[in-house]
Structures are given as structure tokens and as C-alpha cells.
Amino acid sequence: MSNSFGKLFRITTFGESHGVGIGVIIDGCPAGLDVAAGTIQAALDRRRPGQSDLTTPRSEADKVEILSGLFEGKTTGTPISLLIRNQDQASHDYAHVEHAYRPSHADYTYDMKYGRRDYRGGGRSSARETAARVAAGAVAAQFLAHYGIVAQSYVSQVGAVAVPVGYEQLDLNLIESNAVRCPDPATAERMISLIRQTRDRQDTVGGLVTGVVRGVPAGLGEPVFDKLHAELGKAMLSINAVKGFEYGSGFEGTLLFGSEHNDAFYTDEAGAVRTRTNHSGGIQGGISNGQDIYFRVAFKPVATILQPQTTINDQGEEITLAGKGRHDPCVLPRAVPIVDAMTNLVLADMLLRSRANKV
């Protein structure tokens with residue numbers, strides 16, 4: 001099982017949903033970086049359960065413990081180890097799935113790969129693991145801040161309810177102004193209403209998260225296999241419940257002719273190279289071109305629903321199964337900080353790698 005991500009700025013996560021805790025080891029972070037524990041905690045607070053009635057009521061403080069790699073508030077250049085202890089497991093809620101294969105879960109595939117599985121909350125396959133990524137992403141964000149690089153993401157669609165305009169027309173400072181993390185207040189209210197209606201029906205709903213990165217210099221990314229957009233795609237597709245990734249014009253770009261889709265270059269008044277449009281999403285040839293990077297990540301409806309469903313057990317016998325316990329009716333609001341974290345981890349790694357490309 002691969003539990004590591006990145007090449008130079010590299011993380012390794014560990015732990016299970018219902019184990020003692022989860023954590024991450026960050027290797028390759030440069031020495032001398034100011035890292036505030038409060039900043040890491042603030043990122044975790046955005047992801048933690050129990051934030052509102054739109055999320056699971058599981059109560060986890062997600063208090064981060066810094067075990068190594070920092071001295072007097074600065075990184076030492078050695079591995080940074082972060083631990084988040086589990087506190088509010090309700091393992092009894094999963095006794096009924098010990099031998100059952102839950103629809104659209106990893107139960108069957110884990111059995112086929114390993115011959116055994118931790119059925120309590122999904123074990124390693126649980127989205128609980130993403131808290132470790134968020135903690136590491138907060139460190140990466142503080143590294144990127146030194147270079148003026150800022151990544152933000154927001155919920156742009158829940159079910160069929162979508163923000164009607166692009167990110168350029170939105171005030172991204174409003175992302176945290178509502179429980180669904182949508183910077184368009186009118187659309188946010190409709191999203192919240194849909195999530196509550198879905199929850200009351202004991203069902204779940206999916207949607208889209210839009211990511212935006214500003215301040216990225218030209219030259220980040222590799223030209224062949226480790227293209228910047230390919231690394232971003234890999235990062236996003238590694239998040240639980242993600243079903244799709246597109247950047248720039250994405251699939252809609254296929255509806256344009258080349259004469260409409262090409263991004264023409266020009267030099268602005270300050271002498272900087274710019275493009276008049278940004279269908280490329282800030283990436284050309286797998287390398288950043290200095291424009292905003294933007295992308296969309298598709299999340300499926302949460303697989304655990306409280307309605308009875310037909311499935312089989314590990315003996316191949318047909319059974320009826322209904323979910324129990326505490327689950328998100330919509331993963332989107334809590335997915336936003338996870339998308340931010342994975343974006344920051346990719347860019348921190350690419351920034352370090354770019355230093356080796358030229359003198």
C-alpha cells in the first residue's frame with residue numbers, strides 16, 4: 001500500500017478511522033520556515049466533523065500534536081511529525097457490516113486485495129485519513145506564502161444547484177461566510193436547503209468544488225509525465241469520493257474551435273507576459289504560465305445512506321443493509337479544506353523541484 005505523496009516535499013500518512021489516531025510525516029520541508037501550530041489547527045478546524053447541521057455530528061476536536069521537526073516555531077529541516085488522536089469513535093455502529101459489502105464502499109475491494117479489512121468506519125479507506133493531509137497542507141501553505149502563492153477552493157455546485165458565474169466574478173473572501181462554503185450567498189442558501197432536504201430523506205448528494213490558485217510563477221511543473229495538471233489531477237483523485245477532475249476550460253473547451261480557445265499572449269504595462277484569455281487554466285505544456293490556475297473537482301454522493309439496500313456478505317449471500325451511525329449528507333463543505341491541502345502539497349513539491357531546473 002502506498003501511503004506517501006510527493007517527491008521533494010513528501011508526506012506519509014498513517015492511522016485508521018477507529019484506531020488510536022491518525023497522523024502525517026512531512027519530509028523535505030526547508031529549514032527556517034515559520035510554522036504556527038495555530039495555523040495548522042485552524043485548517044483542521046475547517047475540516048473537522050460537527051461544524052454544522054450539514055455535516056456528521058461525530059465530535060472530534062482534531063487537536064494537532066507536533067512531535068518533531070520544529071524548534072522555537074521554525075522548521076529544522078528534519079521530518080515534521082504531526083499526530084491527531086481519535087476521540088469520538090462509535091465502533092458499535094459498524095458491527096452490522098463486519099461481514100457485509102456495503103454498496104459503493106471499499107469493503108469488497110479491500111478484501112480482495114488484502115484478505116482482511118478493518119470494518120470500523122472503513123479503517124484506512126475512511127475519509128478520516130484526510131485530516132492528516134489537511135495538517136500537512138497547512139505547513140505547505142505557509143511555505144507557499146513566502147512566494148505569494150495562495151490556493152482557495154469553494155463549493156460551486158451541490159446536486160443541480162450551481163453558482164451561475166465564474167470565480168473571477170466572485171468575492172472569495174465570502175467562502176467562510178456560510179456553512180456550505182459557497183461565496184455566492186444566494187446560491188449558498190439554495191445549496192443549504194437542498195442538503196437539509198436530502199438529509200431528511202436519509203439520502204446523500206454530491207457536487208463540485210472549484211479550486212483557484214493565484215500568484216503561481218511561470219515555470220512550475222514537468223513537461224512529460226509529471227505535468228502540473230497531471231499532478232493536481234492525481235492529488236484530487238486520491239481524495240475520497242472524488243469522481244472527476246478538469247482544469248481550465250475542461251470538457252466545455254471541446255465545444256470551442258481552436259481560434260476561440262487559444263490564449264493569446266501580450267505584454268502588460270508592467271512588462272509582464274500575460275494572456276488575454278485563460279482557457280488553459282494557467283498551465284501550458286504541463287508547466288505553469290503565470291496566470292491563475294483553476295480547476296473543478298467532482299464529488300459523488302456519500303456512499304453511506306440510512307435507507308435499506310440490497311447487497312451481499314463475504315459468503316456471497318444476498319442481504320438487506322441500511323447504514324447506521326453518523327455520516328455527512330453531503331461531503332462538499334468539508335471537502336473544501338482537503339482540496340486546498342492537496343493543492344498546496346502539489347505546488348510546494350513543484351516549487352522545490354523547479355529549483356533544480358536552471359541556475
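Visitor: Which residues lie nearest the centre of the second largest pocket?
Guide: Val165, Gly166, Thr210, Tyr294 and Arg296. They are part of a lining of 17 residues. Keep in mind that this is a predicted model.

Visitor: What's the volume of that second largest pocket?
Guide: About 410 Å³.

Visitor: Which elements give two or more residues to its lining?
Guide: β9 (150-158), β11 and β17. Strand β9 gives the most, with three residues.

Visitor: And how does the lining of the second largest pocket split by class?
Guide: Seven residues are nonpolar, six are polar and four are charged.

Visitor: Back to β17. Why is it described as largely enclosed?
Guide: It spans residues 293-299, and five of its seven residues are buried, so the rest of the structure largely encloses it.

Visitor: What does β17 pair with?
Guide: Strand β11 (residues 207-214) is joined to β17 by seven bridges, and the two run antiparallel. Strand β12 (residues 242-247) is joined to β17 by five bridges, again antiparallel.

Visitor: Which residue of β17 stands opposite Gly207?
Guide: Phe299. Phe299 is also the bridge partner of Val242.

Visitor: Phe299 again. Which residues have the most contacts inside the largest nonpolar core?
Guide: Ile26, Val180 and Phe299. That core has 81 residues. Helix α7 (residues 332-354) supplies the largest share, 14 residues.

Visitor: What does Ile26 touch?
Guide: Leaving out residues up to four places away in sequence, Ile26 touches Phe9, Arg10, Ile11, Thr78, Pro79, Ile80, Leu82, Ala136 and Val139.

Visitor: What's the strand order in the open sheet?
Guide: β1-β2-β3-β7-β4, five strands with antiparallel pairing.

Visitor: Which strands are at the edges?
Guide: β1 (4-5) and β4 (64-68). Each of them pairs on one side only.

Visitor: New topic, Pro183. Buried or exposed?
Guide: Pro183 counts as buried because its relative accessibility is 3%, and the cut-off for buried is under 20%.

Visitor: Where does Pro183 lie?
Guide: In the loop between β10 (161-162) and α4 (185-200).

Visitor: What does Pro183 touch?
Guide: Tyr154, Val155, Leu170, Asp171, Leu172, Leu174 and Ile175, with residues up to four places away in sequence not counted.

Visitor: And how far apart are Pro183 and Asn173?
Guide: C-alpha to C-alpha, 7.3 Å in space. In sequence, they are 10 residues apart.

How values were computed: Residues are numbered from 1 along each chain as its sequence is written. This is a predicted model: local features need pLDDT of at least 70, side-chain atom pairs count only at pLDDT 80 or more; totals for chains, interfaces and linings use all residues. Side-chain values use heavy atoms; hydrogens and water are left out. A nonpolar core is a set of buried Ala, Val, Leu, Ile, Met, Phe, Trp, Tyr and Cys residues joined through side-chain atoms within 4.5 Å. Buried means under 20% relative accessible area, exposed over 50%, partly exposed in between (1.4 Å probe, protein chains only). Helices (H or I, at least four residues) and strands (E, at least two) are DSSP runs, numbered from the N terminus. Contact means heavy atoms within 4.5 Å. Two strands pair if DSSP finds at least two bridges between them. On a 1 Å grid over the protein atoms alone, a cavity is a set of points where a 1.4 Å probe fits but cannot get out, and a pocket is an open set with protein on both sides within 12 Å along at least five of seven lines; lining residues have an atom within 4 Å of a point. Grid points are joined across faces, edges and corners, and a volume is the space filled by probe spheres set on the points. Ala, Val, Leu, Ile, Met, Phe, Trp, Tyr, Cys and Pro count as nonpolar, Asp, Glu, Lys and Arg as charged, and the others, Gly among them, as polar.
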